[in-house]
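Here are a few quick notes to read next to the model. Have a look at the structure first, then go through the points.

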Amino acid sequence: MKLVEVIPGFRTADETTELALNHSRHLGKTPILVKDVAGFAVNRVLHAFIIEAVRLVEEQVATPEDIDIACRLGLGHPMGPFELMDAVTSTLCVQAQEIMQEAYGERFRPPALLKQRVKAGYGGGKGKAGWRTPP
């Protein structure tokens, strides 16, 4: 991944932050400065996106496969949200969303369908059943 989120703490010296930024650049990465908050920046955007994708499936607007295709071809994403959940596991997604729900409220409540699938053993992961991987 090309991006590095650099998150200085309350007591992080400016020199330390600059060192992290410069080291990231030296490694060919693109660093961004992000405040130390639950989910940082990327995960907050990502999970709002994932939650809405699951809602589309709950409402039978489109299938997980079609949403993944739409995100790849229509948004230029390298993989769709359901492929991503199968790769990182839906279990991890639920955990992250619960942490962010505690911090930010209802907008990050994990969708019921996502939690049900995890409880039923469809959490994804290497070689395991998920959204796009058959049981």
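**Notes on a helix pair and a surface patch**

1. Let's start with Val118, which sits in helix α6, the stretch covering residues 112-119. Keep in mind that this is a predicted model.

2. How exposed is Val118? The relative accessibility comes out at 22%, so Val118 counts as partly exposed. The cut-off for buried is under 20%.

3. Which residues does Val118 touch, once those up to four places away in sequence are set aside? The list is Ser90, Thr91 and Val94.

4. Along the chain, Val118 and Ser90 are 28 residues apart. In space, their C-alpha atoms are 6.4 Å apart.

5. Buried or exposed: what about Ser90? Ser90 is buried, because its relative accessible area is 1% and buried means under 20%.

6. The contacts of Ser90 go beyond Val118. With neighbours within four places in sequence left out, Ser90 is also in contact with Met85, Leu114, Tyr122, Gly123 and Trp131.

7. Now for the surface. Met1, Leu3, Ile32 and Val42 make a nonpolar patch there, of about 370 Å². Met1 lies in the segment before β1 (3-6).

8. Met1 has a relative accessible area of 81%, so this residue counts as exposed; the cut-off for that is over 50%.

Notes. Residues are numbered from 1 along each chain as its sequence is written. This is a predicted model: local features need pLDDT of at least 70, side-chain atom pairs count only at pLDDT 80 or more; totals for chains, interfaces and linings use all residues. Side-chain values use heavy atoms; hydrogens and water are left out. Patches are made of residues with over 30% relative accessible area and no salt bridge: like charges are joined within 9 Å, nonpolar side chains (Val, Leu, Ile, Met, Phe, Trp, Tyr) within 5 Å. Accessible areas come from the Shrake-Rupley method with a 1.4 Å probe; for residues, only the protein chains shown count as cover. A salt bridge is a side-chain nitrogen of Lys or Arg within 4 Å of a carboxyl oxygen of Asp or Glu. Helices (H or I, at least four residues) and strands (E, at least two) are DSSP runs, numbered from the N terminus. Buried means under 20% relative accessible area, exposed over 50%, partly exposed in between (1.4 Å probe, protein chains only). Contact means heavy atoms within 4.5 Å.
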